[in-house]
Amino acid sequence: FAVAFTQMARGSKLEFEHFPSVPESMHTLLIAGAFPDMEKLMRSTMDHHVVFWGILFLYLLITAVTIMNMMIGVLVEVVKCATHVEQETLDVKALRDSLLAEL
């Protein structure tokens with residue numbers, strides 16, 4: 001995709017801003033796709049030192065995955081509680097129907 005964007009952006013304003021070369025296009029696509037709100041910080045760290053950029057990227061990736069896993073855990077817990085409540089409701093209804101049938 002980076003090669004295609006670099007080729008398509010030739011001679012336009014986008015070439016100078018985001019897609020001047022294939023490595024820069026790869027960086028733009030990765031950061032704009034994965035961390036759009038951190039693009040300015042990532043670009044300034046890349047200009048400073050590539051190792052600093054790599055450490056920051058690793059930190060952001062681990063943080064994003066950790067938060068995503070925590071949200072999935074909360075969602076699973078909510079579904080489990082809802083299932084438990086629904087099962088209890090069905091058990092109470094079955095018991096009530098059974099008792100009414102006996103009377």
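Is Lys13 buried or exposed? Lys13 is exposed, at 62% relative accessible area, in this predicted model. The close-ups below start from that residue.

**View 1. Lys13 and Glu17 pair within helix H2.** Here the two side chains form a salt bridge, with 3.7 Å between the closest N and O atoms. Both residues belong to helix H2 (residues 13-17) and sit four residues apart, about one turn of the helix. Glu17 is partly exposed, with a relative accessible area of 42%.

**View 2. Glu24 and Arg43 meet in a salt bridge.** The N to O distance is 2.4 Å. This pair links distant parts of the chain, with Glu24 in helix H3 (residues 22-34) and Arg43 in helix H4 (residues 39-48), 19 residues apart. Glu24 counts as partly exposed at 27% relative accessibility, while Arg43 counts as buried at 18%.

**View 3. Arg96 and Asp97 form a salt bridge.** Their side chains come together at 3.8 Å, N to O. Arg96 is partly exposed at 48% relative accessible area, and Asp97 is partly exposed at 39%. Elsewhere, salt bridges with shared partners join Glu24, Glu39 and Arg43 into one network.

View 4. Thr6 has its place in helix H1 (residues 2-8). Leaving aside residues up to four places away in sequence, Thr6 touches Phe19, Pro20, Ser21, Val22 and Ser25.

Technical notes. Residues are numbered from 1 along each chain as its sequence is written. This is a predicted model: local features need pLDDT of at least 70, side-chain atom pairs count only at pLDDT 80 or more; totals for chains, interfaces and linings use all residues. Side-chain values use heavy atoms; hydrogens and water are left out. Helices (H or I, at least four residues) and strands (E, at least two) are DSSP runs, numbered from the N terminus. Contact means heavy atoms within 4.5 Å. A salt bridge is a side-chain nitrogen of Lys or Arg within 4 Å of a carboxyl oxygen of Asp or Glu. Buried means under 20% relative accessible area, exposed over 50%, partly exposed in between (1.4 Å probe, protein chains only).
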